[in-house]
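Subject: Structure handover

Hi,

Here is the structure I promised to pass on to you. Have a look at it first, and then read on for my notes.

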Amino acid sequence: MSDRTLTAAPDAGTSAPASASPHVDAGDAGYSKDLKSRHVNMIAIGGAIGTGLFLGAGGRLASAGPSLFIAYAVCGLFAFFVVRALGELVLYRPSSGAFVSYAREFMGEKGAFTAGWLYFLNWATTGIADITAVATYTHYWHMFSSIPQWVLALIALAVVLTVNLISVKYFGEMEFWFAIIKVAAITVFMVVGIFLLASQHKVGDTTPGLANITAHGGIFPTGVMPMLMVIQGVVFAYASVELCGVAAGETKNPEKIMPKAINSIMWRVGLFYVGSVVLLAVLLPYTAYHAGESPFVTVLSKIGVPYAASVMNLVVLTAALSSLNSGLYSTGRILRSMAMSGSAPKFTGLMNKGQVPYGGILLTAFFCVLGVGLNFVVPADAFEIVLNFAAIGIIGTWGMIMVCSLLFWRRSKDGRVTRPGYKLPWAPYTQIVTLVFLACVLGLMASEPGAGRTTVLCLPLIVAALAGGWFLVRGNVARTQADAKAEAALQETADRP
C-alpha cells in the first residue's frame, strides 16, 4: 500500500464524514491499539511539563523577574495552538506518522522528508541532553558521585530503551507514572505555597505577599527586554506537547480521547506553569532565585523542609527520563512512516513481535550513544552543545505542523477535504500568527550573543544537509511510489469480477 493518495478525493458537494481521508499511509499498518485514555491524558500533560519548569524557572526568574509568568502564558498559548492544530489533523485522519504523514499528504514527499528529519534532529539531540541530565542529576547523591558520568548516561539509556522495545503498553505505563510524579510534585508545592501565602508564614526572613513584587521593581524589575529574551528558553520548556498526536495512531477511539486530552493542556499550563511562577514571585523576591537551583527547592529549603533538594532532584531526574522515553517512542513511529515511503533507511521500518518499530528506536538510541561519548569527552559542555541544536528541531517541527494545518484549511475551502467538528479556532489567522511567533523566536536567538546565535548561524548547514539528504533518497522515494502504484494496480485487476 502506498503512502501517497491512491483514491480520488470526494466531490465538494458530498457530505463525507469528517474523519474520511483519501490518503492512506502504509506506515500506520501493524500497530497495536494498547494506549488507553489515561495513558494519552498523562502523555499530554507530561509532554507539557518538564525540566524547564522544575529547574529552568529559577534562572529565568532571576533574569526576568515576575514577568516570567507572561512569557510562560504567551508561549503556552502558542503551544496550545500547535497541539490544537495537530489535534484537528488527528481527528481528520489518525496516524502514527502524525505530522510527517500530514506533510506527505499536503506538501508531498519533500515536505514529509523535511518534517521527519527535523523532528529526528530535535529528539536525537534532546535524547543526548536527557541522558546527560540524568547522569548529572544522579551525581547529586554521594553514592553515585564516584561513577563516571558517561556510565550513568549509558545505564539510563539502556533501561529506557529496553522498556520501549517491549511494547507500547510498557511505554504508556512508564510515561503515565512519570507524569503522575511530576503533577504530584507541583500540586504538593502549590498547596504548601498557598498555605504559606494565606497564613503569612515567613519564608526565611521574607513575608509572602504582593510586596515581594511591588517593593522590588514591579512585574518588570529589569525591563521588558529580559522577559522577551527568556521566551526562547520558555518555548523549549513546552517541547513535547505534540507527543499526544503521535500516540493517537496507537489509541482506540482517538476521536473521543484526543479532544479531551488536548483541551486539558490549556488549563494545566495555566495552573501549573503560570500559577507556579506567580506563586513563586509572591513567596520570595525574584532576587532570591538563581540559575542552577530549582526555585521550588529555594522556597522549601527556606522553610526548613527536610530533604527538599533530594526530592526535587528525583522529580527533575524523572522529567529527564520521561523526555528520553518519549523521544525514543515518537522517533520510532516517525521514522517508520518515512521508511515506508523510502525517505528513511529501510531497517527503520522494521517491527518486532510486540508491534514496536524497533529499527527507528535503535537508530535514535545510536545517536544517544554518541551522546554518551560526548559525555566522556566533554562532560561539562555536553548539555549546552546539544540543547541548542534541539532548538532548531523544535521550532522546525512546530512550524511544519502549522503549515500542514494551513494547507489543510485551504483544501477544506476548496471542498477537497472536510474539517472535523474539533477545529483549530480562528483559522487561518491562528496558523499565520503562530508562524510569525516562531520566526520571532529565531530572531531572539540570533540577537543574543553566545550559543543561541551560533545555533541560528548553523541553519544554512542544516538546510544544506536536508537538501543533500533529499538528493540521496529521491530515487528511492520514486521507486517506492512506483512499486506501490504497480501493486495497487495488480490488486485492483485481481479484484475485478
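How many helices and strands are there in the protein? The count comes to 19 helices and zero strands. The radius of gyration is 23 Å, close to the 23 Å that the globule rule gives for 497 residues, so the protein is as compact as a globular protein of that length. Along the principal axes, the C-alpha atoms fill a box of roughly 85 × 50 × 40 Å.

Before you zoom in, please keep in mind that this is a predicted model. The mean pLDDT is 85, and 91% of the residues reach 70 or more. Residues 1-20 are another matter, with pLDDT below 50. That stretch does have 46 contacts in the model beyond near neighbours in sequence. Where pLDDT is low, though, predicted coordinates should not be read in detail.

Some overall numbers next. Buried residues make up 55% of the 497 in the protein. If you take the contacts with a separation of 6 or more, 80% of them are between residues 24 or more positions apart.

Now for the inside. The largest nonpolar core has 152 residues, and the members that touch the most others are F54, Y72 and Y238. Helix α4 (residues 68-92) gives this core its largest share, 16 residues.

Leaving out neighbours within four places in sequence, Y72 is in contact with G52, L53, A57, R60, V234, A237, Y238, Y273, V274 and V277. One of those partners, Y273, deserves a stop too. Y273 is found in helix α12. Is Y273 buried or exposed? With a relative accessible area of 0%, it counts as buried. Again not counting residues up to four places away, Y273 touches A48, I49, G50, L53, Y72, A237, Y238 and R268. The side chain of Y273 also reaches the backbone oxygen of A237, at 3.3 Å. For a sense of scale, Y273 and R453 are 27 Å apart in space, C-alpha to C-alpha, and 180 residues apart in sequence.

Which residues of α13 are buried? They are P295, F296, V297, T298, V299 and L300, that is, six of the eight residues in this helix (295-302). These buried residues pack against α2 (51-54), α3 (56-64), α8 (168-199), α12 (254-283) and α14 (308-339). After α13 comes G304, which has a positive phi near 80 degrees.

The other helix is α5 (residues 98-107), also mostly covered, with nine of its 10 residues buried. The buried ones are A98, F99, V100, S101, Y102, A103, R104, E105 and F106, so R104 and E105 are on the list along with F99 and F106. Just after α5, G108 takes a positive phi of about 90 degrees.

- P226 is in helix α10 (residues 224-237). P226 and R60 are 166 residues apart in sequence, but 9.0 Å apart in space, C-alpha to C-alpha. Beyond four places in sequence, P226 is in contact with S63 and A64.
- S405 is in helix α16 (residues 382-414). S405 is buried, with a relative accessible area of 2%. Apart from residues up to four places away, S405 touches A85, L89, L424 and Q431.
- T455 is in helix α18 (residues 451-457). At 3% relative accessibility, T455 counts as buried. Setting aside neighbours within four places, T455 is in contact with N388, F389, I392 and M445.

Cheers

Definitions and conventions. Residues are numbered from 1 along each chain as its sequence is written. Side-chain values use heavy atoms; hydrogens and water are left out. Buried means under 20% relative accessible area, exposed over 50%, partly exposed in between (1.4 Å probe, protein chains only). Helices (H or I, at least four residues) and strands (E, at least two) are DSSP runs, numbered from the N terminus. Contact means heavy atoms within 4.5 Å. A nonpolar core is a set of buried Ala, Val, Leu, Ile, Met, Phe, Trp, Tyr and Cys residues joined through side-chain atoms within 4.5 Å. pLDDT is the predictor's confidence in each residue, from 0 to 100. The radius of gyration is taken over C-alpha atoms; the globule rule is 2.2 Å times the number of residues to the power 0.38. A polar contact is a pair of N or O atoms within 3.5 Å; within protein, one must be able to donate a hydrogen and the other to accept it, and residues adjacent in sequence count only if both atoms are side-chain atoms.
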